[in-house]
Amino acid sequence: MEDHSTRGDSAPILLAETPAEREERPISLPRAPRELPSSPFPWLMMLTPAALGVGLVVMTGSSFALMFAAIGPLLALGSVVDHAVQRRATYRREDEQFDRAIREATADIAKRAARERARRLARHPPVAAIVNGEVAPVATAPDDDVGATVALGTTSVPSGIRLDATDVAEDRRLADLVESARVIDGVPYVETVRACAIAGPHERAVGAAFALLIDLAARRPAGVELRLGGSIAHRVVAAEILRTGLHGERAIVVAASAAREGRPAGPKTRPSTGPISRPGDAGRVRFQLTLVDHATSAPAGTDVVLDLSDPASATVRSAGGDTRVTPQLVESADFQRWARHHLESRRRRGFSAPPARTLPDRIELDGILRSRPPAAARSPGAHLAATIGVDEAGPVWVDLVADGPHAVIGGTTGTGKSELLRSWIAGLAARYPATHVAFLCLDFKGGATFDAIAALPHCVGVVTDLDGGEAVRVLAGLRAELRRRERELRRLGVRDVSALEAGRLERLVVVVDEFQALIDEHHDLHDVFADLAARGRSLGIHLVLCAQRPAGAARESLLANCTIRLSLRVTNPVDSQAVIGTTHAADLPTEPRGRGILVQAGELRTIQVATLSDELLAATRTRRTRELADAGSRGPTAPWLPPLPHALPLEVFDWLVRGSHASATSEAGRTGGGVGAPLASSVPIALLDDPDRQRQAPLDVDPRGGGHLLLLGPSGSGKSTALASIAELLERAGVTCTRLPADAEGAWDAVAALRRAPDEPTVLLVDDLDQRGIAFGDEHRHAWLGMLADAAKLGGSGGLTLVASAARTTSDLSPFVGLAREVVRLGSPPRHEFVLSGGEVSDYRAGLTPGRGVARGLLVQFPLPAGAGGREIAPSVAPPPLDLLRLAEYGAAIVTRRPLRRVAQLSAAGVASAPVPKPGAPSGHDPQAGGTGRPRVTVGEPDLWQQSFGALGRFAAVTEVVFDDVPPSALRSLLPGEPLPPHIADPSRVVLVREPGGELRRFAWPCRNE
């Protein structure tokens, strides 16, 4: 039967039932069909014809008689088949009849369950139906001392339906039918209690409390005496009861202590509750309700705990055990709607009107946070509305989208500006998730205003006047954020962020406390704020600027876009006029704190700003953080990155590079697989800070050849440390890194060998390039640097990449500045040296710490190495001793500045010597024997060889020439066209031997030089 309900103030729910339906005789269930047993095989039917056939054969002698024998098996088989077919047909008929009977019984059980459910719902209608006015609950009799009967949700209960059935286990369908008839679901779970606790998240606990209060008050015309307590959530409930007038009309009378918690104390705001009972309040039920975070926190004496910790259901915990229920939850707006209808019904029955409202001296945000927003904020479209306080009519809502896009706040010190900003931010955070709105807070009055706000997941950053130049980086990031949002909207094909679905691009609210101090410290930032104000509406960026005298801090172009104006008390009428257009703010009293005048949609309203409690902020932070974790979201990101760290370990550098969205090639270079892996096109070696592009990107070096890098910086700027970290990063990427030997001869030979292309791409590390050249003489220094520059020029084709450091640029190093793909200027040298090295004046930064410099006009930070990095090229091997006997075998020549000493040493070694032939004389280059027949060599000073024109050249063409302590210029004068000889660090010990083919090699003179 249907539930025939009537609507009205006192009309009960009526359920029409026939006497037969109320009697509910047992339901007879059918018997399950059974299969007939199989018949035995008809052996007699088969054997009798066979015996007859055999007898006929014996009697007649004819083999045709055997045909009678085949009849038997055929008859037997036919009988078996016929019996099986009949048995199956019979079972199918019985099974169809059983199915029809099951369906009829199922329908009958459903009807009886529906009637039982309707009876119970008639006694305790659903709260949703009461709120929507679909039913009017039956008024109950006055509750006794045992407590009040309340519905805590819906659940499944034993049905009481009687069944007449046997052998239920014979058929699964019959067993399922019996099981379905055992319980009825969706019926109210009713308990009689005096003290109830609701445990769980604040939002669900408040919704369940609203439902419980509606169930209590709607069925008790005399009203409810309620004592509230517990966590912060109970303040919201108390505030709603007070605000809706339920307390004032004594529909739900809140105990005095709870009423004061829901509304701030004070002679103008404390409700006149008086005694909890009044004459004429007979029949009023007394009920205690506690809202707690966890079921274990329920106070002693609690009869029932409604545990809402499971988001999918609830558990009623009582002395009788635990029961799973589906809780009834009511939104604040629905509670307010029900309260209005309920109070109208009570007034029609003679109850007095609620007391008039007054502007409170103090109001907590907790008590007004769940108030119903105005219709405009609930209409379709984008909104960013929050309640920031109250006026005489109730909560005051401000919508940064509909009323904005920007706001300006004025007021003298101590009037509550900072408290207003905190409450406004908390109100937005409580209403919108972190995926919809983000906050950037700038505090320029000491750094404490937004300390608590910083913990909200919506907050992308808090910058104070104690953070040095961080505000400049932040505003540069905001300029980049404008460009990024423009690109994003263009990509999505819309002009305004309001056209996007909620959460696609979060709105950014920039809140500035003491805007005047910010502009005084950074004059050029005013243009940035003016740009933000002009373009912020369509891009979803909103400004909330707070100053003691906004007109003196902000230009008219900026204030013109701030359509939300709020002024707390000011001392000068001119300041009030500049903010709200009237002098009323100068007439505000010094007390209470937080009293101000709001200009909204052209209307002036006197308001009391709400104060923020630590409990509400913590609850909002926990709830919004959990939402992000459940959604797997990181929340909004800051429009700027934190400053580069002054100390950057390699593991931190790796993490930052991974998060910098570097190119795929850079990532491959960073994680290269070592030896044998494909060589990356670029390897990150440092971190660049680029606030104008909202990124900190890696500075790369190309190790495949030609991607030269030059580090310039004074002593102590971290050049050598940076070079070591570069080497370590390159080696981790599988790049071969080498360092020049420390000795001059080894460095010369290593650079000379670069004329031959390496077997694989190689990075050559040269620390203190300007100092390395000092080890050579002027001629060799220029030649050595020239060879190195030539090798660098061919780096792309020769597979060489040069990474060098120097203290400053000189004329010798100017080619390397031009060849370098990247020049990094480390440290803070004198400004003129920075400019002389090729740096721009605007890029100069003072006070840079070691490892930090400038590249591409941006700050760059090198990581700290774990070791030196780079293998050193083997130093020059000690030259072999010169074999004097072999030298004289073909009549070698010796050019020396010590001829007498060398002649004596040759003689002691058994080698004959001869002087330099005079000009025009035979060269004597053929072996000649002296009087003893020993071989000899020709020995002479460079001047004598020079005078014997052409003699040395003839020797050089056919035999070896030894140059002993001969300057490079003299050698090249004696043998014109010869290249610069290799550098010799100790000419007293080492000589140069020129082979006939022109190769110069170092040898050690075998005799000690006395």
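This note goes through a predicted model of one protein chain, from the whole chain down to single residues.

1. The chain exposes about 46300 Å², of which carbon and sulfur atoms supply 54%. Among contacts between residues at least 6 apart in sequence, 74% join residues at least 24 apart.

2. Helix α12, which covers residues 417-431, can be checked for its length: at 1.5 Å a residue its 15 residues should span 21 Å, and since its end C-alpha atoms are 21 Å apart, the two values agree. This helix is also mostly covered, with 13 of its 15 residues buried.

3. On the surface, Phe41, Trp43, Leu47 and Val80 form a nonpolar patch, and together these residues have about 390 Å² of accessible area. Trp43 lies in helix α2, which runs over residues 43-60, and Trp43 counts as exposed because its relative accessible area is 53%, where exposed means over 50%.

4. Asp767 sits in the loop between β26 (762-766) and α24 (769-772), and, leaving aside residues up to four places away in sequence, Asp767 touches Ser720, Leu723, Arg772 and Ser805. Although Asp767 and Ser720 are 47 residues apart in sequence, their C-alpha atoms are 6.4 Å apart in space, and a polar contact of 2.6 Å joins their side chains. The side chain of Asp767 is likewise joined to that of Ser805, by a polar contact of 2.5 Å.

Note on methods. Residues numbered from 1 in each chain as written. Predicted model: local features only at pLDDT ≥ 70, side-chain atom pairs only at ≥ 80, totals over all residues. Heavy atoms only, no water. Helix = DSSP H or I, 4+ residues; strand = E, 2+ residues; numbered from the N terminus. Expected span 1.5 Å × (residues − 1). Buried < 20%, exposed > 50% of the residue type's maximum accessible area, 1.4 Å probe, protein only. Contact = heavy atoms within 4.5 Å. Areas by Shrake-Rupley, 256 points an atom, 1.4 Å probe, with all protein chains shown as cover. Patch = residues over 30% accessible without salt bridge, like charges linked within 9 Å, V, L, I, M, F, W, Y side chains within 5 Å. Salt bridge = Lys/Arg side-chain N within 4 Å of Asp/Glu carboxyl O. Polar contact = N/O pair within 3.5 Å; in protein donor to acceptor, adjacent residues only side chain to side chain.
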